[in-house]
Structure formats: structure tokens, C-alpha cells
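Here are some notes for a colleague who is opening this entry for the first time. Please keep the sequence and the structure side by side while reading.

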Amino acid sequence: MIKKFDTFFVSFHTFTLSFYLFVTRDSSKIKMLSSLRKFGSLNPYVLKRQSAVLRLFASQPTKNSPENGSKNKNPSFVHNIFRGQLEHSELFPYPMPLNDEQLETIQALIPPMENFFLNVNKPEISDQKGEFDPKVIDALWELGGFGIAVPEKYGGLGLNYTQLGRLTDAVGGNDLAIATMLGAHQSIGYKGILLYGTEEQKAKYLPQVSSGKVFAAFALTEPSAGSDAAAIKTRAVKSSDGKHYILNGSKIWITNGGFAEIMTVFARTEIVDEKGVKKDKLTAFVVERGFGGVTSGPAEKKLGIKASNTTEVYFEDVKVPVENVLGNVGDGFKVAVNVLNNGRFGMGMALGGTMRMCIQRATDHVTQRETFGNKLETYGGVQEKIARMSMLQYVNQSIAYMLSGNMDLGSNDFHLEAAISKVFASDSAWYICDETIQLLGGMGFMTDTGVERFLRDLRIYRIYEGANDILKLFVALTGMQYAGNHLKEVQKALKNPIGNLGLIFKEASKKYGYGGVDMTALAHPSLNSSAKLCGESIDAFGRAVTSLLIKYGKNIVHEQFHLNRIAESAIDIHAMACVLSRASTSIKLNLPSADHERLMVDAWCVEAHDRVQVNMRKIQSSDFNENFKRMAQISKNACEAKDVVQKHPVGF
């Protein structure tokens, strides 16, 4: 025991100096650090007293610690796991934001929507024709489907995020082309007006897009600017009389682009900063097709969501009134990011409905189909598939409604949770749909079954509204930036160690495995084993993030092999936490599904914890770090050849 604590205190002092060197890059301290690593064992009596001091101060907040209101405090659960900390204010209890009246409202809206899909919409016909029947669109307008999120005073239904999610679930389980059209219209098309519009803009446009049969679109992407919004070339120049911006440029892959009359358009504008320097910055505009100069290309031919309209949109000398600037001039990037963050929550709900539909088809088949004298459902391989599909749907739903619930309760720090929800939902839906086809066999490959259409439609969800690869990097880098800010607080504390012992000892104890995260007091007692696995994962994750920041500093942005594993682990940890919260509530309420939820949570957490540990090991492993270099070289060779590099086995 003495040897263990001896090692800890030597490591602790090394750790504090490492922080100092990381931030200051003070080379004069290198010799001191090297000498410190040669220290022998400490006096047992002193060691005993120091360990007691450690326990005392590690539990006490200091003036610089997050517990005492650091200016960098963030209530987001995901942000804080990057610091190896548990922030549960938006995690436990599971959010339930609907009051009785709101619940009654959404319960009344679901049957008409389901009736529409059963008796009016014909997705297989729309898919074949590549467009919706006008009667289908008219019926959706009559249902109020295009104004779900618009306040009632502007002609909409005025639903909150959770209510909207439940309606979106019904849409996603029936027709993803309609989900795409509706999402482009209200989740992002006119969302900027809801979030940033002036009262005059809202009064003018929201009644049109909610009940006036006027479509909206979101025009951001350009031929040279997909995930990289900074590469946008569309430009808006203020007219000589100062009353208009003259807009020129083009956008590609715009959903509803062929018929939208109102568009949120992003363009470069020249601004003068506070120092008098001219700069190009993005600005968001509300553009009407009726302004003139707005035209659209032909509808694109696509792999899936064929009935939804996707076109190029061209702007030629479009005169946009200055009062149609959305937000402030130069704030277009912020508008775009917040619109997309705000709109992503709906994807988890829609795809939750898709996953449910797939599971219904799969379970119906395996409980009826016999092979080798037994029902398919009796075979272990099939059981594993059904179980994994069921868990993914449950986890996705838990993440999505955790997000919408917190948004309804006033959360503003949800952009990492929104990104995770989008990534998890689109990846999981693809997996579940693919496995459904596998279980159905040849029948699943046939168009009459209807599942193959969903598989084609699902492919775009991993690309649009933020490609999953980019969103993973966004999660990793945003979280690591938050952790890096905390390291600066620690570095500052090291300049006055006596006055900041609590913060310093707390960080040292986390790094070396003392005083870890404990979630057992939050989760239901029957979920203790899973709660411990989640806590262990947060501890390991926080240590790995700190290690990477110390090793790479700002250059971590170039280490995408590591960043991907950080992102995957953050997703797994967030998923564990969400299901622990939801199942705890279900158990406390004694819901009929409580025991089944407990089974899924325990099974999920065992596997998720294992994935986190494997990813953390890969980050620390010299073998895997070397392997990352090999993979980089393999990629370089293939790209240089623009082909496979090796010859065909037959020689030509």
C-alpha cells in the first residue's frame, strides 16, 4: 500500500509540472521534471499524512473549481465528461416536459397523421414517379403538418420539441421522403426566422410557411462548400442607396429548391470591424423567389428519398431588402450552426420511427418463418440480431427524447448532444434496416416488402445536415477545447498551489484513479452494476483526453485517428447515461416495460463500456499508434495511384 501511494505522489508532482510545461512550454523546468522522476520512496508517516490531506482537499471546492461557478461552467453532460467530470443536472431525472394539456394535444394529433399515411399517402408510387401527388401535399397542409413548430399566433400548431418529435416519429415510420420535405421546410427552412427573425419578419413570413401553402428551403451548400461553410462563394453587395443587397451565386442539393418561395440563404458580405479593417463574413438573408433573379435547376436523380425535390438554385442580381438580413450582418455562420444544431434533434425521432417499423417487420417474419424444423426466433444468431436492433432503437429514443426534453426545459448548451443524436440515429437506423433485410432474406430484397426503399432513403441521413464524419470531429474537438480551457484553470491554480489545493489534488486524484465518478447514487439501485461501468468509462475517458491534450496541445486537431476514437467513446458514454436515466425513471414508475428496459440497459452498458476501454487502449498503445501511421501511408499510396496499388493476382 505504501509503495502504491508513494508512486502516486511522485506521479502527482510529475503531473502538476506536466500541466505547467504543457501550458507555458517553459524549457527551464525540464531538468526539474527529469530529476523528479528519479525520486525514491517517501517516508511512510509523511505519506500517511499526505494521503489524508489528499482526501480532504480533493473533496473541497476552491475559488477556481467548477463547483464554485467557474466562468467556463457548462451544464452539458457531454461537455463535462471531457474533463472527467459528471454533470447530471440535465441527465437525472429523465426529462418529462409535457403537462397534461400538451400530452392530450399530441395524443389527439397522432391518429389523423397515422390515418393520412394509411389512407392518403402512397410512398411506393411517389418513389416510382419521383414526386408527390398534389393531393398528398394538400392533405398535409390541411393537417397542419407544415406549421408544427410555428406559434399559434402566426397560424401554426405551436408544438414544443417533444411534441414535434412524437409527430416526427410517426412520419419516419412511414415515409422518409416526406420526412425530408417536412424537415427541410420547418426544421431548417424557416427555423432561422423562428430563432433570429425580427417581429416584423416573423409576422410577414411565418403565417405563409405555416398555413399559407408557401414552402421554405435552407440554402447553404455550394459546389465548393459542403461541410466547409467557410468556402462559400455566393456574395451579397450592398447597393449604392443602401436599401438592398445584390445577391449573386448558386447553391446545390437544396431540398424543396424547385418550388420553395422563401429561402434562408447564406452569402459573403463585406463588413468593417471595430479596427476599421474590411473583412468578408457570412450573412444570412430571407430571400423570396418573388424578388426576381431566383431560378432553379431540374430535379436531381437520387439513390433514395426520390419523391423529395432536390435542385440547384441560382441567384442573379437578386435585390434583397436590407430588412431581410437574418440576425446581424456578419453573423451568418452563427445562424447556420444554430439552425442546424436546433434542427438535428428531429432526426433521432424520425429515425426512431423507422427503426420501430423495421423491428416490426423483422419480428413478424422470424416468429412465423420455419427453417430446419424450428422458428427462426429460436436460433441464437437471430436472437442476437433482434436484441441488438431492439437495444439500438431504445438507446436512440432515449438520447433523442433526453435532448428534446432538455430543449423544452430551457437548455441552451445542447450542440454536442444534438450532434451525437444525429450520428447515433443515422448509423443505427442504417444498421437496423440492413439487418432487417438480412433476416427477411430474399424477400427483404424485393420491392414489394417495402424495406429496400427505406434502406435507400436512409443512406442520405448519414450525409446531410452535417456528415457523420464531420460531426464526430466536431464532438471531439469541441469537447477537447472545453477540457483544454479547464487545463488552463489548473495551470493558473498551480501558480498559487496553496490557495488552490482542492482543484490541484482533485485533478491529480482523477488522473491517477482516485475519487472517480460515481453514478450509483443517481441510477436506480437495480442498475448499480451498469452505473459503475458508466462511471468507470467517464474516468478513463477524462484521463485519455487530458493525456492527448498534454501530448499534442493544439496540434490535436491533426490527429484524426485519435479524435475518431474520442468521439466514438463520447457517444457510447452519453448513450449509457441516457438509458440509465430513462430506465431508472421507468423502474421507479413501475412501468410494464421496466424489466425489459433493465435487461437492455445492462446488456448495452456491458458492451459500450468494453468499446470505450478498447478505444482508450488504442489511443495509449504504441502498437496502434504505429498502425495509424501505416494506415496513413496505405491511404497515401492508393491516392497517389488513384487505384488499388497491387497488381491483380493473375498479373494483369
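1. The model is a predicted one. In it, the side chains of glutamate 417 and serine 76 are joined by a polar contact of 2.7 Å. The glutamate 417 side chain also reaches the backbone nitrogen of phenylalanine 77, at 3.4 Å.

2. Glutamate 417 belongs to helix H14, which covers residues 415-440. Beyond its neighbours within four places in sequence, glutamate 417 is in contact with Ser76, Phe77, Val78, Leu403 and His574.

3. Is glutamate 417 buried or exposed? Glutamate 417 is buried, and it has no salt bridge. Arginine 344 carries the nearest side chain of opposite charge, and that is 11 Å away. A salt bridge would need the charged atoms within 4 Å.

4. Serine 530 sits in helix H19, residues 528-552. Its relative accessible area is 1%. Serine 530 counts as buried because that value is under the 20% limit.

5. Which residues touch serine 530, leaving aside neighbours within four places in sequence? They are Leu580, Val601, Asp602 and Cys605. Of these, aspartate 602 is 72 residues from serine 530 in sequence, yet their C-alpha atoms are 5.7 Å apart in space.

6. In soluble globular proteins, nonpolar side chains tend to be buried together.

Definitions and conventions: Residues numbered from 1 in each chain as written. Predicted model: local features only at pLDDT ≥ 70, side-chain atom pairs only at ≥ 80, totals over all residues. Heavy atoms only, no water. Helix = DSSP H or I, 4+ residues; strand = E, 2+ residues; numbered from the N terminus. Buried < 20%, exposed > 50% of the residue type's maximum accessible area, 1.4 Å probe, protein only. Contact = heavy atoms within 4.5 Å. Lys, Arg positive; Asp, Glu negative; His and termini not counted. Polar contact = N/O pair within 3.5 Å; in protein donor to acceptor, adjacent residues only side chain to side chain.
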